[in-house]
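Dear colleague,

Please find the structure below. My notes on it follow.

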Amino acid sequence: MKKKRLVYILLPFICAAGLAMQRGFFVHHSSRKNVQEIQQNIEKLEVLEQQTPVRSEKEDLTVKRKEIDLDAAQQKILALDAASVDKAKLIQLFRNTAIAGDSITAGCTEYGYLDDSIVFAKVGVSVSTAGELFQAVRAATSNTVFLCFGVNDIEAYESNVSRVIDHYTERIEGLQQAMPNADIYVQALLPPAESVTKSFYQYRDLYNEDLQKMCSTLDIQYVDPSFILEQTPELYDEDGVHPKKEFYPLWLTYFANIAGLSHEE
C-alpha cells in the first residue's frame, strides 16, 4: 500500500521529467538539424563562387576600354591642332600616371608637356638596362603606367626578339606585384621615317606582334600610336627616328583617350 501510494506521489514528477527529456531531445535534434542546413547552404555558396568568378573594378575598366572605337579615336587625334592643346590640362590629366621609356619619352618633359615627377626616361636606355627606371615607377603612387621602350632594344638584339620579350615580361611582372591595382599600357615600337635605312627596323613588325602576345598573356593593354607618324611624317625630326615637339600633344592626348584619363581622377 505504501509502495503504491509512493508511486502516485512520484508520478507527476516522473511525467514532468520525461516531458523535459523529450523536449530537450527535440530541441537538440532541431538545433542539430539547423546546423546541418546552414552547413549545406555554405557548401552551396562555395560551389557557386567557384562557378561564377568575381569581376574586379579593374577588369570592368579593361573591358570598357577594349570597346573603344580605335578608328574614331585615331581620326580625332589626326584632326587635332597640336598648338591648341593646353599643356596645363595635359599635366593635370597625367598627374596620377607614370610614363617610362627612352629618349623619345624624355621629350615629354623637355618640351614641357608633362611634369618630370611622373616621367622616368633616359637616353639610350633599353628594357634590359632600365632597372632603375622600373624601380622608380614601382615607388610611384600611380594608377596608370605607360611603358614606351623599343628602339634601343631592337637595335641591340635585332632578330632575337624573344630575348627582349623575356626582359620585358620580367620587368612588367615586377610592376604587377608592386602595383597590383595599376593599369599598365605597353606601347608598340614606333616606325621610323622612310628615309631611315637602319637594318634592324626590318624586325619591327615581329617585335610588335610579340609585344601584343605578351600583353595578352600578362593581361595588360597594348597601345599603338604609330598612325600619328605614319599619317603626318612632317612630325619627324631630322634623324627620322625622334619626333618633333608637335608630336607630343597628339601622342599624349591619344594615350589619355585610350586609358580613359580624366580631370576627376
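Helix axes here are lines fitted to C-alpha atoms over the stretch in contact, and angles run from 0 to 180 degrees between N-to-C directions. Helices are DSSP runs of H or I with at least four residues, strands are runs of E with at least two, and both are numbered from the N terminus. This is a predicted model, in which local features need pLDDT of at least 70, side-chain atom pairs count only at pLDDT 80 or more, and totals for chains, interfaces and linings use all residues. Residues are numbered from 1 along each chain as its sequence is written, and side-chain values use heavy atoms, with hydrogens and water left out.

The axes of α5 (residues 103-110) and α11 (residues 247-259) cross at roughly 100° and come within 10 Å. That makes the two helices, α5 and α11, roughly perpendicular (65 to 115 degrees). In contact terms (heavy atoms within 4.5 Å), Ser103, Ile104, Thr105, Gly107 and Cys108 of α5 meet Tyr248, Trp251 and Leu252 of α11.

The whole structure has zero disulfides (cysteine sulfur pairs within 2.5 Å). For Cys108, the nearest cysteine sulfur is that of Cys148, 7.4 Å away. Cys108 is buried at 0% relative accessibility (buried means under 20% relative accessible area, with a 1.4 Å probe and protein chains only), and Cys148 is buried at 3%.

Pro191 lies in the loop between β4 (183-187) and α9 (204-218). Its relative accessibility is 7%, so Pro191 counts as buried. Leaving aside residues up to four places away in sequence, Pro191 touches Arg204, Ser226, Leu229, Glu230 and Tyr236.

Regards

Conventions. Buried means under 20% relative accessible area, exposed over 50%, partly exposed in between (1.4 Å probe, protein chains only). Angles under 35 degrees count as roughly parallel, over 145 as roughly antiparallel, 65 to 115 as roughly perpendicular and the rest as oblique.
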